[in-house]
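I am opening my notebook for a first look at this fold. Come along while I look things up one by one.

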Amino acid sequence: MAKIFLSHSTKNKELVENFIEFLQLALGISRGDIFCTIAVEDLYTGENFMERIRKELQDSTAVISLITEEYLGSKMCLIEMGAGWSMAGKRFIPITTFPFERLKDMPLAGVQIRKMDRDGLSAIFGEFISYGICDAQIVTEFTRHLPEYVAKFEKLTAGNAILEKDTEGWYHTVITETRQVKEKYRCYKIKGKIDRPLDNGRADSEWIFFWAGMYDDLQVGDHVKFQISKTEVRTFNDIGKARNIYPSDLVKI
């Protein structure tokens with residue numbers, strides 16, 4: 001049977017678990033043919049896990065990389081992705097949870113990448129059939145399960161991911177909502193929550209806040225990177241307990 005190596009960030013546990021279910025129920029791939037380090041049963045007590053990962057990469061038919069913001073921030077994930085892309089005879093299948101433009105400055109810019117949406121997953125299903133990884137006869141099950149899992153993936157990738165600085169000190173995220181405030185201010189809700197906020201408080205949502213004209217105006221769906229001057233948690237009548245993030249620099253990407 002074809003073996004799948006699933007490369008992922010440990011910070012995306014729920015997303016990964018749901019994707020494994022999708023592979024099993026919608027594509028008919030046996031759990032025993034999927035190697036994924038997020039599952040304790042896939043690594044043995046006392047085992048040299050780096051050697052095990054190397055062996056599983058070598059033995060796999062296909063390497064799937066679930067590319068999230070957290071994935072891009074993990075050195076181990078990038079090593080696995082590079083190995084999957086470069087190893088001869090492997091089917092390398094990168095799947096991203098955000099727009100392709102986010103990857104334009106990376107080596108993957110020249111690689112065909114699929115989105116984790118209906119069209120992207122349907123394309124992967126067709127490729128798996130042609131590769132002999134799954135059977136064309138399962139098309140009914142795939143069609144039945146696809147809408148359910150697309151909805152799950154959208155929910156899981158839209159919410160509370162932890163945002164960490166990249167090597168140059170930037171946070172990367174996407175604008176998910178705009179807030180109506182006085183004309184001299186700009187206020188935008190972001191996807192995710194910053195790691196170790198300066199105020200050390202707890203908030204239900206996180207918002208970039210700046211004076212009009214300091215940076216470009218933004219809209220829902222814009223991808224940005226920012227550095228932080230300060231943060232504070234405040235309670236508002238319309239959005240409840242929220243963290244204001246005051247950027248020292250902000251760039252639309």
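**Entry 1: two helices side by side**

Which residues in α2 meet which residues in α4? I first noted that I am working with a predicted model. Then I listed the contacts: Met50, Ile53 and Leu57 on the α2 side meet Met76, Glu80 and Ala83 on the α4 side. Helix α2 spans residues 49–59 and helix α4 spans residues 75–86, and their axes come within 11 Å, crossing at roughly 25°. An angle under 35 degrees counts as roughly parallel, so that is the label for α2 and α4. I also looked up the handedness, and the crossing of α2 and α4 is right-handed.

**Entry 2: the open sheet**

Next I traced an open sheet of five strands, and its order reads β2-β1-β3-β4-β5 with parallel pairing. For β5 I looked at the pairing with β4 (residues 91–96), which is parallel and has two bridges. Here Thr96 stands opposite Lys115 of β5.

**Entry 3: a helix over the sheet**

I then asked which strands helix α1 lies across. I found α1, residues 13–25, across β1 (4–7), β2, β3 (62–67) and β4, and it runs at about 140° to β3.

Helix α1 also packs with α6 (residues 139–157), at an angle of about 175° and with the axes 10 Å apart. Angles over 145 degrees count as roughly antiparallel, and therefore α1 and α6 get that description. I wrote down part of their contact list: on α1 it includes Leu15, Phe19, Phe22 and Leu25, and on α6 it includes Phe142, Leu146, Tyr149 and Phe153.

**Entry 4: the barrel**

Further along I came to five strands that close into a barrel, in the order β7-β8-β10-β12-β11, with mixed pairing. Neighbouring strands in this sheet are turned by 45° against each other on average, with direction ignored.

I went through some of the pairs in turn:

- Strands β7 (residues 171–178) and β8 (residues 185–190) run antiparallel and are joined by three bridges; Glu177 stands opposite Lys189 of β8.
- Strands β10 (residues 205–211) and β12 (residues 240–252) run parallel, with four bridges between them; Ser205 has Ala242 of β12 as its bridge partner.
- Strand β11 (residues 223–236) pairs with β12 in the antiparallel sense over 12 bridges; Lys225 stands opposite Val251 of β12.

How many residues lie between β11 and β12 in their hairpin? I counted three.

**Entry 5: the cysteines**

Last, I checked for disulfides and came to zero. Cys36 is in none, and the nearest cysteine sulfur, that of Cys77, is 11 Å away, whereas a disulfide needs the two sulfur atoms within 2.5 Å. Are these cysteines buried or exposed? Cys36 counts as buried because its relative accessibility is 0%. Cys77 is buried as well, with a relative accessible area of 3%.

Note on methods:
Residues are numbered from 1 along each chain as its sequence is written. This is a predicted model: local features need pLDDT of at least 70, side-chain atom pairs count only at pLDDT 80 or more; totals for chains, interfaces and linings use all residues. Side-chain values use heavy atoms; hydrogens and water are left out. Two strands pair if DSSP finds at least two bridges between them. Buried means under 20% relative accessible area, exposed over 50%, partly exposed in between (1.4 Å probe, protein chains only). Axes are lines fitted to C-alpha atoms, for helices over the stretch in contact, and angles run from 0 to 180 degrees between N-to-C directions. Angles under 35 degrees count as roughly parallel, over 145 as roughly antiparallel, 65 to 115 as roughly perpendicular and the rest as oblique. A crossing is left-handed if the near helix is turned anticlockwise from the far one by less than a right angle, and right-handed if clockwise. Contact means heavy atoms within 4.5 Å.
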